[in-house]
Structure formats: C-alpha cells, structure tokens
Amino acid sequence: MRLIRLISLTCFAALATASCHFQAYRPQPISPPQTAASLEARTLNDPGLKEFIEKSLGHSINWPPEAWDFRLLTLAAFYFSPSLQSARDRLAFAQGGEVTARMRPNPTLSFSPGIPSPYLISLDFLVPVMTAGKRGYQIETAKNLSEAARLNLAQTAWNVRSAIRAALINEMAAEQAAAVLRSEAQLRRRRVARLGEQLTAGEIAMPVVTASRVDLLNAQLALQASEGQVAQTRSALAAAIGIPISGLGNAQFAWPALNQLPALSSLSPRGIQRAAVVNRLDVRQALLQYQAAQSSLQLQIARQHPDFNIGPGYQFEEGHSYFAPSFGITLPIFNRNQGPIAQAEAARKQAADNLLAIQAQAIAQCDLALARYRTAYQQFQKAQSVLVSFEHIQSPMARRAVSAGEADRLSLNTVLLQQSAATEVVVTSLLQAQTALGQLEAAVERPLEPGDAVPLIIAAPKGGIK
C-alpha cells in the first residue's frame with residue numbers, strides 16, 4: 001500500500017510539472033526582399049505617422065502639415081528610425097535580464113528505483129537556497145544595466161534628433177543660397193543687357209561687356225551647383241528621417257526661428273561644462289555601468305560562500321519506509337572564486353576609468369564647440385549688420401537717386417549685386433553658426449534654443465511600422 005502511495009505521489013508530481021503552462025516557440029521568418037520593399041514604401045503621408053505624432057504632442061494637427069518644421073520632422077524620424085527601434089529592442093533585452101535576475105531557482109524532484117525493483121525506491125525533493133545575498137546583487141546589477149539601456153534609448157533618440165537638425169539646417173540653407181543666386185543671376189542678366197545697349201551706343205568698350213557676360217556665366221554655374229546641392233540636402237534629410245527621397249513627396253520645410261540664435265551672454269562656459277559632465281546621457285549611462293560593475297563584484301565576492309540544497313527525502317526498502325532530510329553543498333576546496341572576482345574588479349576599474357574619460361571628453365567638446373559658436377555668432381552678427389545697411393540705407397538711396405535722375409539703373413544694379421553678395425555671406429555665416437550651435441548642443445546633449453520642446457524618449461509606434 002505504501003509503495004502504491006509513493007508511486008501515486010511521484011506520478012502526481014510529474015503530471016503537475018507537465019501540466020504547467022510553457023511558452024511555445026513562434027517562428028517569425030524574415031525576407032530581405034519584403035523588408036526592402038517595406039523601406040521603399042515609407043512616406044510622410046503614412047496614416048500611422050499622424051497617429052504617432054498626435055499622441056506624442058497630445059493634440060490633433062492638420063494633416064498633412066502645410067510645412068514640416070523641426071519638431072514634426074524629429075517625431076517622424078522617431079517613428080521611422082531603424083536605429084531607434086534597435087535601441088528599443090536592446091532595452092527590452094535588458095529588461096528581460098532584470099526578469100531573469102528576479103527569478104527564484106526551481107526545486108528538484110529526483111526519483112530513483114533500485115534493483116530489484118520495486119523493492120528499493122528513493123525519492124528526494126530538494127530546494128536550492130542562495131546565500132550571502134547573491135540574489136539581491138543579481139537584481140541590482142540587472143536593474144543598473146536596464147536603466148543604462150533606457151539611457152541608451154534616450155542617447156539614440158538624441159542622435160536621431162541631432163541628425164534631423166543638421167539635415168534640416170543644410171536643406172534650409174541650400175534653399176536660401178539657391179534663392180540668392182537666382183536673384184543674382186537675374187541681376188547680372190539685366191546688367192549684361194544694359195551694357196549691351198551702352199556698347200551699341202558706343203558708350204563703352206567690348207571688354208566691359210565680355211567681363212559682365214563672364215560674371216553672368218559664373219553666376220549661372222553657381223546657381224546650377226546650388227540647385228544640385230538642394231537635391232542632395234533633401235536626400236540627406238530623407239535618410240535622416242528613415243524614408244526614401246520619394247517619401248518626401250512635395251513636402252515643404254520651415255524653420256521660422258532659424259535666424260534667432262541664442263546670445264553669447266546666455267551661454268556660460270562654466271554652466272555649459274557643468275551640464276555636460278553631470279547631465280550628459282553618456283555620462284549618466286557610464287555611471288550606471290559602473291554601478292552595475294560594482295554590484296557584479298559584490299556578487300562574485302558573495303559566491304565565495306557556497307549555496308546549498310535542502311529538502312525532505314524518502315526511501316522504500318523491502319517493505320520498510322525511511323524518511324530523512326537531504327542536504328547538499330559545494331565545498332570551496334579547490335577554488336574560492338578568485339578568477340571571477342579578479343575579472344569583476346578589473347571590470348569595475350575599467351568602468352570607473354571609462355566614466356572619467358567620457359567626462360574629460362565632454363569638457364573638451366564643450367570648450368571647442370563653445371569657441372566655434374562664439375566665432376560663428378560674431379561673424380553672423382557682422383554679416384547681418386552689413387546686410388541691414390544695404391537694405392535700409394544704400395539700396396534705398398540708390399533707388400531714390402535713380403528716381404531723381406541723379407544716377408542710372410546700372411549704378412542701382414551694382415548696389416543690388418553688392419546687396420546680393422552680402423545676403424550670400426549672411427546665409428553662409430548663418431549656416432556656420434547653426435552648425436556650431438548644433439555641435440554645442442551635441443556636446444551638452446541639451447537643447448539650447450528657446451522654445452525647443454522636442455521630446456527625447458518616445459514609445460514604440462503602435463503595431464510597429466508598416
């Protein structure tokens with residue numbers, strides 16, 4: 001009878017184990033032609049993008065937008081970016097590691113029939129016991145790595161934002177440069193026509209007209225190159241968003257505050273450095289990695305103390321039953337975990353040195369970027385003052401002189417060409433200043449422009465990207 005009960009108990013334990021819900025494998029085949037087709041079909045008119053942007057902004061928007069500004073383009077890149085999705089996957093993997101660290105070890109059930117069966121049977125139920133706080137150190141390590149992965153997601157989002165900013169600035173500058181050169185080419189055509197009239201009237205010599213025609217040809221070549229640059233910058237912007245250039249369609253881009261640069265007085269060198277060495281995402285990520293290395297070292301030191309298994313045991317031998325507790329332990333005789341401890345100590349030192357290296361790099365980047373921005377900002381201010389002088393003083397004076405008959409239209413054309421050249425200098429210096437500001441923002445990893453409220457950490461698009 002006892003034997004029958006023992007066998008019944010063993011069978012019940014086996015059935016209970018078998019009846020547990022286990023996760024089944026679900027294949028997800030991937031086809032490179034299909035993924036390529038999916039990438040090629042991406043467009044700014046994606047209805048899922050509209051839902052994603054409205055959810056991120058917290059309000060509805062006109063769709064499609066009349067003009068895509070920096071904020072909308074950044075959100076579009078957050079929706080499409082493969083690198084951001086990959087960072088989300090790494091975060092999910094790190095969070096899975098945290099789940100793993102929190103799992104408790106399963107007990108063990110062993111059943112040993114003897115010989116001759118069924119007269120000899122052994123049954124042991126062993127529960128593993130972790131000692132010296134190992135489970136807590138495992139959880140702490142996993143939590144730090146999970147938070148580091150979360151910061152890595154924010155870092156990737158920042159990189160995506162920076163790429164959008166640079167691409168949009170280049171596109172806007174290329175559009176403005178093309179408009180300036182288009183106006184200059186028109187002015188030079190008028191100049192050539194006026195000089196041709198003077199040549200016919202015998203007022204000037206042929207070399208003057210020839211030189212003007214050469215200037216016109218150079219302006220036309222510069223305009224052609226600038227229009228090609230516009231196409232290149234649009235392609236770079238599409239790549240930064242994560243869509244093919246055909247996905248831009250006829251989208252128009254706008255940056256109303258492009259000329260509004262933060263004043264130098266608002267950028268304290270000490271404040272910039274302080275923000276970089278404390279709040280930069282890679283600095284915070286390196287600090288979490290150091291803390292994870294610290295917990296890992298504590299775990300390896302705790303593993304000098306062996307874990308053990310304990311539980312009730314039962315033996316049936318020729319009609320007699322024996323109950324006795326079971327206890328098993330690994331004896332630390334041949335090693336005391338010296339190798340893993342040494343590796344963990346080296347990993348902690350490496351993490352500390354990495355944190356110092358990143359902070360030193362942040363300080364150097366801030367100093368260099370702030371110096372570049374200071375120079376570019378001053379050059380832009382000077383160029384803008386020259387252009388303002390032409391727009392409000394010299395060009396109006398030349399027009400009044402023509403209206404009063406004190407000067408001819410060729411003189412006015414000369415002044416307008418000088419104003420066009422000043423405008424071109426302003427566009428170039430603005431591009432340099434905005435580029436330097438982007439480098440300074442990248443060094444601090446914080447928006448520095450007033451009113452910049454683009455979020456950095458965005459949830460995954462609902463249902464994925466089609």
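Is Asp-215 buried, partly exposed or exposed, and what is its relative accessible area? Asp-215 is partly exposed, at 35% (buried means under 20% relative accessible area, exposed over 50%, partly exposed in between, with a 1.4 Å probe and protein chains only). The model is predicted, with local features needing pLDDT of at least 70 and side-chain atom pairs pLDDT 80 or more, while totals for chains, interfaces and linings use all residues. Residues are numbered from 1 along each chain as its sequence is written, and side-chain values use heavy atoms, without hydrogens and water.

**View 1. Salt bridge between Asp-215 and Arg-188.** The closest N and O atoms of this pair are 3.9 Å apart (a salt bridge is a side-chain nitrogen of Lys or Arg within 4 Å of a carboxyl oxygen of Asp or Glu). Asp-215 lies in helix α7 and Arg-188 in helix α6, so the pair ties together parts that are 27 residues apart in sequence. Helices are DSSP runs of H or I with at least four residues, and strands are runs of E with at least two, numbered from the N terminus. Arg-188 is buried, with a relative accessible area of 17%. Salt bridges with shared partners also join Arg-161, Arg-165 and Glu-441 into one network.

View 2. Glu-441 is buried, at 1% relative accessibility. Leaving aside residues up to four places away in sequence, Glu-441 touches Trp-158, Arg-161, Arg-165, Arg-446, Pro-447, Leu-448 and Glu-449 (contact means heavy atoms within 4.5 Å). The side chains of Glu-441 and Arg-161 form a salt bridge, 3.4 Å from N to O. This pair links distant parts of the chain, with Glu-441 in helix α11 and Arg-161 in helix α6, 280 residues apart. Both residues of the pair are buried.

**View 3. Salt bridge between Glu-98 and Arg-102.** The closest N and O atoms are 3.5 Å apart. Glu-98 and Arg-102 are four residues apart in helix α5, and therefore separated by about one helical turn. Glu-98 is buried, with a relative accessible area of 19%, whereas Arg-102 is partly exposed, at 41%.

**View 4. Helix α4 (residues 70-80) is mostly covered.** Of its 11 residues, 10 are buried, including Phe-70, Leu-75 and Tyr-79. The cover over the buried residues of α4 includes α3 (47-57), α5 (82-102), α6 (134-200) and α7 (206-241).
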